[in-house]
There are 2 protein chains.
Amino acid sequence: MSDEHSHDANAVPRFAVSVDLAVFTVRGDALQVLLVRRGQYPYEGMWALPGGFVRADLDANLERAAQRELREETGLGMHSAATAPPHEIHLEQLRAYWRRGRDPRPGQEVAAVAFLAIGPDLPEPQAGGDAAEAAWRPAADVLTERVALAFDHQQIVRDAAAEVRRRLEDTALATLFVPTEFTLAELLHVYEVIWGERLDKRNFYRKMKEWGGFITSTGRSTSGRSGRPAELYVRSGVDELRRPILRPERSAPQGELWSER
Amino acid sequence: MSDEHSHDANAVPRFAVSVDLAVFTVRGDALQVLLVRRGQYPYEGMWALPGGFVRADLDANLERAAQRELREETGLGMHSAATAPPHEIHLEQLRAYWRRGRDPRPGQEVAAVAFLAIGPDLPEPQAGGDAAEAAWRPAADVLTERVALAFDHQQIVRDAAAEVRRRLEDTALATLFVPTEFTLAELLHVYEVIWGERLDKRNFYRKMKEWGGFITSTGRSTSGRSGRPAELYVRSGVDELRRPILRPERSAPQGELWSER
DNA sequence: TCAAAAGTGTTTGGATTACACCCATGG
DNA sequence: CCATGGGTGTAATCCAAACACTTTTGA
C-alpha cells in the first residue's frame, strides 16, 4: 500500500529502486543469459545482470526503466531503424528482491525489481553506461556457480530460469525465443534446449498445429537449405495454452542444474 | 541491480517502498478479501488493501514487512498463544507496482510490493494502526467495482485473484484455504467457490487420494455432524502437482467476474 | 538417385469423465 | 429406519506417447 505511520511523515524511509534484467536467448544449443561486467565499486569487475536505478524523472513506470537500462548497458532492445530485423525483446516483471543490507553500500538500501526478458537469437551486446563489458553466457554456468554474480543476482537468474522452464509448459512463451517467422523445427529446438530433453518431433508438430491459436502458418516456406523446405509460422495472439506441452519424465523431477522455486 | 550512473551518487532518486497485501480466505460460499478503511489523507475514508511502508530498521526483508503490517492493521497472522487455533497465514510475493504519480502525494514516489496471503476461514479482523476499520469483503465486489479501492489496489486484487485461480489448477494452493485438518468435502468446497463451478465430488475424491503426496490421511474422522463421518487429512509437503486438476469448460474461458491477466 | 529434413498416419495404453451405487452415522 | 453426507466401482471416451512411413527439396 502507500501508507505511513502518521507520527512523522519525514520518518518514511527512502530506498533506491533498481531494475535488474535476466535476459535470455537461445544461441546454438544452450540457453544463454546476458551479463555485464561491473565497472565500479560494489562488486567492481564482477559479472552481474544488466540494470540500474529507476529514475522517476526519466521513467514513467518500471518496465520503461528496464527497457532504458537494457539499451544503455547493452545496446539491445533498440526499436530504431538501425537494427534491421527488429530484434524485439519481450519484457515482463518477475518480482522484487530486498533484504536488509542486500546492497553493500552503507546507509543505502536498494530494492530491486527483477525482469524477465526474452528475445530470439540476439546480436552481440555492446557494453555501455556502467557496464565495462557485456556478453552472453550459458545460463548453466550461472546456475552451477561456475560464474559468480554480484549481489543476489544468482538467485534472480535461478528464479527466472525456473519460471521460463515452467511457463514453457502451459504458455506460448517458447515463441519469444524464435524470430517473428519461424519453423516448427526451430520452435522444437527451443523446448529441447531449455528442458534439456529430447521431444518426439512428430508428436510435437501435430500438437502445435492441432491446438492452433498459438501459431499461424504464413503459407511461405524456407528454402536454400538442404532437405525439404519447412513451412514458416508466426505467433498468434494466444498466450495461455489450454493443455500443457508435457515434459517427459514429468513425474521424476530431474534435479541437476535446474533447481525449481 | 544496484548500480547507478556514476556522475553523482547523490542524484540517486529515493522512493518509499510499501507492501500491500491481498489477503484471501473462503468464508461461506464466497472468496473474500481483506480490506481496511483508510484513516488519513491520500484516499481518506476509502477502502484499500492492508499494508504500509517498509522500514529498513524494523524489517529484515519484504516478507517480514508484510507480516508486520498485516498484524498491525488487522490483528491477523499473530503467532502468539492468544489465537488458540494457530490461524497460520501463507504469504508469498506477487510483484511490484509502480508508475510515476501512482501515489498522489506530491514529490513522493511510492513503489508497492504486492503480497498474496491465504488463510483458512479466518477470524474477524481488528482494525489498528492507520486503519480506521477492517473487514472481509467478497472478492467479487472488488472485481466488479461495486467497491472502489484506493491507489491501484483494484488492479492488485485482480492480479492476485487471477493468480489464485490459476494456481489452484496445478499446485496444492487450495490446501491453504482449509484448516490444518480438513475433509475432502471442505477442500472441494474451496475449488468450487473460487472457480465458481461445480465439480464431480466422486472424481474429485479419487484424484485427491490417488495422486497423493498432496494430502495425507490422519486416520481420524469427523463426528457430531449428520451423515457419515469424513476422514480427516493434512497437507503434505508437495506443492507442484504433476497433473492439473482440470477446470470444467476449460476451453471456453467464461469471462464474467474473472478477468485474467 | 541419394541424403537430409519436413511432415502425416495409426495403434495403443492410460487417464478422465460420467454416472450408479453402497456405507456409516445422527436423529 | 431414514435422511444426510461420505466414499467406491465401472464403462465409454479421449488423449497422447510410440512408432512407421511418405514427401520435398539440394547436391
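User: How many residues of chain A are in contact with residues of chain B?

Analyst: In this predicted model, 46 residues of chain A are in contact with 45 of chain B, contact meaning C-beta atoms, placed from the backbone, within 7 Å. β1(A) gives the most to this side of chain A, with six residues. By class, the side has 21 nonpolar, 11 polar and 14 charged residues.

The model is predicted: local features need pLDDT of at least 70, side-chain atom pairs count only at pLDDT 80 or more, and totals for chains, interfaces and linings use all residues. Residues are numbered from 1 along each chain as its sequence is written, while chains are lettered from A and ligands numbered from 1 in the order in which they are written.

User: What makes β1(A) and β1(B) a pair?

Analyst: Pairing requires at least two DSSP bridges. Three bridges join β1(A) to β1(B), residues 14–27 of chain B; therefore the two strands pair. They run antiparallel, and A16(A) stands opposite R14(B).

User: Why are α3(B) and α4(B) called oblique to each other?

Analyst: The axes of α3(B) (residues 153–170) and α4(B) (residues 184–195) come within 10 Å and cross at roughly 140 degrees. Angles under 35 degrees count as roughly parallel, over 145 as roughly antiparallel, 65 to 115 as roughly perpendicular and the rest as oblique. The two helices are therefore oblique.

User: Which residues of α3(B) and α4(B) meet?

Analyst: V164(B), R165(B) and L168(B) of α3(B) meet Y191(B), I194(B) and W195(B) of α4(B). By class, this contact has five nonpolar, no polar and one charged residues.

Methods:
Axes fitted to C-alpha atoms, helices over the stretch in contact; angles between N-to-C directions. Helix = DSSP H or I, 4+ residues; strand = E, 2+ residues; numbered from the N terminus. Contact = placed C-beta atoms within 7 Å. Nonpolar A, V, L, I, M, F, W, Y, C, P; charged D, E, K, R; others polar.
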